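Me: Hey, can you walk me through this structure? I'd like to know what holds on to what.

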Amino acid sequence: MNWITKLERKYGRFCIPNLINILIGGQILVYAIELFVNQYISFYLSLSRSALFAGQIWRLFTFVLVPFSGGGPLSVVLGIYFTWFVGSALEREWGDFRFNLYVLLGMAGAWLACLLTGSADTYCLSLSLLLAFAMLYPELQVLLFFVIPLKVKYFGIFAAALWVFSFLSMGMLGKLNYLLCMLGFLLFFGPQAWHNIRAWIRREQWKRKNRR
């Protein structure tokens, strides 16, 4: 984290306070417009390489205001709430600058993915927030669907498994898109995650060796 500390000392004054509230407020507004005013609003805000080349530069910033839709309205609302929940916790833990940097890196990854593959959305950005939350608070217990108690680490494992399954089932451009959109998580947690994976592999090898 030395490079982040150096950046914070130099550019910390330029961060946006309460960024997660701004993002979630924007997503709620966009979804309300989509439901009641113009069902195509997300089309004009999302990332598209052809639209960017046509001069619609605003999409570089407005795409984060488009909530990821993996199902019906209930899934969108739950997704927005959970993004706000984990984003607020990360913002409190890291402070405004580091949270801003994490989101900006995710956005930059999505920009690159869009330019190289044609499009990108907020799925991996939201997922990166959840995975960061799981890395920081693995033993914290939350209520799934506001009823079922479950530790955050199991949310993280399930979400990571879905990401890996989707990643493996895609072509090369899809894989590149998914990797670039996780840029923030990879830079913040990549070394730690790799260390944890290697430690787990060593433990499993030691267990198998001592069973013989």
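Me: Is R98 buried or exposed?

Reply: R98 counts as buried, because its relative accessibility is 17% and the cut-off for buried is under 20%. One thing to keep in mind is that this is a predicted model.

Me: OK, and which residue does R98 form a salt bridge with?

Reply: That's E8, and the closest N and O atoms of the two are 3.1 Å apart. The pair links distant parts of the chain, since E8 is in helix α1 and R98 is in helix α7, 90 residues apart.

Me: What about E8, how accessible is that one?

Reply: E8 has 28% relative accessibility, so it counts as partly exposed.

Me: How many salt bridges does the structure hold?

Reply: Three. Another one is between E139 and K151, with the closest N and O atoms 2.9 Å apart. E139 is in the loop between α8 and β3, while K151 is in strand β4, twelve residues apart.

Me: And what does K153 pair with?

Reply: K153 forms a salt bridge with E139, and here the closest N and O atoms are 3.0 Å apart. K153 lies in helix α9 and E139 in that loop between α8 and β3, so this pair ties together parts 14 residues apart in sequence. Salt bridges with shared partners join E139, K151 and K153 into one network.

Me: Switching topic: what's in the largest nonpolar core?

Reply: It has 50 residues, and those with the most contacts inside it are W94, F99, Y102, L127, W163 and F188. Several helices each supply at least two residues of this core, among them α2, α6, α7 and α11.

Me: Why would nonpolar residues be together like that?

Reply: In soluble globular proteins, nonpolar side chains tend to be buried together.

Me: Let's zoom in on W94. What is W94 in contact with?

Reply: Leaving aside neighbours within four places in sequence, W94 is in contact with F99, Y102, A132, L136, F188 and F189.

Me: F188 came up again! How many aromatic pairs are there?

Reply: The count comes to 20. One of them is W3 with F188, an edge-to-face pair at 6.2 Å centre to centre, with 80 degrees between the planes. W3 lies in helix α1 and F188 in helix α11, so the pair ties together parts 185 residues apart in sequence.

Me: How accessible are those two?

Reply: W3 is partly exposed, with a relative accessible area of 34%, whereas F188 is buried, with 5%.

Me: And how are the rings of W94 and F188 arranged?

Reply: Their centres are 5.1 Å apart and their planes are at 50 degrees, so that pair is tilted. W94 lies in helix α6 and F188 in helix α11, so the pair ties together parts 94 residues apart in sequence. Both W94 and F188 are buried.

Me: Which residues do ring pairs link into a cluster?

Reply: Y81, F82, W84, F85, F133, Y137 and F155.

Me: Last one: which charged residue sits over the ring of F167?

Reply: K175, with its charged end 5.6 Å from the ring centre. There's also R59, which lies over the face of F43 at 5.9 Å from the ring centre.

Definitions and conventions:
Residues numbered from 1 in each chain as written. Predicted model: local features only at pLDDT ≥ 70, side-chain atom pairs only at ≥ 80, totals over all residues. Heavy atoms only, no water. Core = buried A, V, L, I, M, F, W, Y, C linked by side-chain atoms within 4.5 Å. Buried < 20%, exposed > 50% of the residue type's maximum accessible area, 1.4 Å probe, protein only. Helix = DSSP H or I, 4+ residues; strand = E, 2+ residues; numbered from the N terminus. Contact = heavy atoms within 4.5 Å. Phe/Tyr/Trp six-rings, centres within 6.5 Å; stacked < 30°, edge-to-face > 60°. Lys NZ or Arg CZ within 6 Å of the ring centre and 35° of its normal. Salt bridge = Lys/Arg side-chain N within 4 Å of Asp/Glu carboxyl O.
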